[in-house]
Amino acid sequence: MPADVHYRLARLEDARAVGELARRVTRRWILPGQPAAAAVKILASMSAKAIRTMIAEGRRFHLALIGDRLVGVAAMRDDSHLFQFFVSTRHQGRGIAGRLWQRVVRDAVRRAGTRRFTLNSSLVAVPVYLRLGFVLNGPMSKTAEGLVTMPMRLDLR
Ligand SMILES: CC(C)(COP(=O)(O)OP(=O)(O)OC[C@H]1O[C@@H](n2cnc3c(N)ncnc32)[C@H](O)[C@@H]1OP(=O)(O)O)[C@@H](O)C(=O)NCCC(=O)NCCS
């Protein structure tokens, strides 16, 4: 586990950096091969304004930082649904997502007693979620804009 990474919850003023990281990683890893309409919709949901609104509404954005630089984000809805999960390309494969995920679980269990977690995975991220303990939860689905995702769930024992 990298010793130089620290973790905290996002504040409103983090929205711009969260959006920049999310859009950059999404363009690189999720959008290639996806229809243009899906790209427009997904990137709009990651604007600084959209993220600021979600933080203000109480969605929990767990951040990983090296110094002042944002390198990872895991965002939760209703203490049960993971809807954003990104680590900057340069820092992938160092255990940052795993550490963020541990913090998400601890936070949701403490706040809401959560036992079941859900998400809709991009196809590239399915192997990572399987490593984190998720299982497939129904057939692959396609949004109206054509973005393909895999529903997954994790039940705490
Ligand atoms: C998915 C993502 C957040 C993972 O972040 P990361 O910091 O690289 O992940 P970690 O290093 O913490 O690895 C977590 C686990 O997945 C495994 N893993 C990581 N990359 C993997 C890969 N490409 N294939 C299989 N397993 C992988 C790791 O070995 C680790 O398992 P372990 O603890 O049992 O060894 C990151 O790769 C990413 O941002 N991807 C692009 C965006 C994306 O698809 N996000 C998900 C949207 S649904």
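Helices α1 and α3 are oblique to each other, a word for angles that are not under 35 degrees (roughly parallel), over 145 (roughly antiparallel) or 65 to 115 (roughly perpendicular). In this predicted model, local features need pLDDT of at least 70, side-chain atom pairs count only at pLDDT 80 or more, and totals for chains, interfaces and linings use all residues. Residues are numbered from 1 along each chain as its sequence is written, and side-chain values use heavy atoms, without hydrogens and water.

Helix α1 covers residues 15–29 and helix α3 residues 48–56; helices are DSSP runs of H or I with at least four residues, strands are E runs of at least two, and numbering starts at the N terminus. The two helices pack at about 120°, with axes 8 Å apart. Axes are lines fitted to C-alpha atoms over the stretch in contact, and angles run from 0 to 180 degrees between N-to-C directions.

From α1, Ala-15, Arg-16, Val-18, Gly-19 and Arg-23 meet Ala-48, Ile-51, Arg-52 and Ile-55 of α3, where contact means heavy atoms within 4.5 Å. These residues divide into five nonpolar, one polar and three charged. Nonpolar covers Ala, Val, Leu, Ile, Met, Phe, Trp, Tyr, Cys and Pro; charged covers Asp, Glu, Lys and Arg; the others, Gly among them, are polar.

The largest pocket holds about 1,200 Å³ of space, the volume filled by probe spheres set on grid points joined across faces, edges and corners. A pocket is an open set of points on a 1 Å grid where a 1.4 Å probe fits, with protein on both sides within 12 Å along at least five of seven lines; lining residues have an atom within 4 Å of a point. Of its 43 lining residues, Ile-30, Phe-85, Phe-86, Ser-122 and Tyr-129 are the closest to its centre. Strand β4 gives the largest share of the lining, seven residues.
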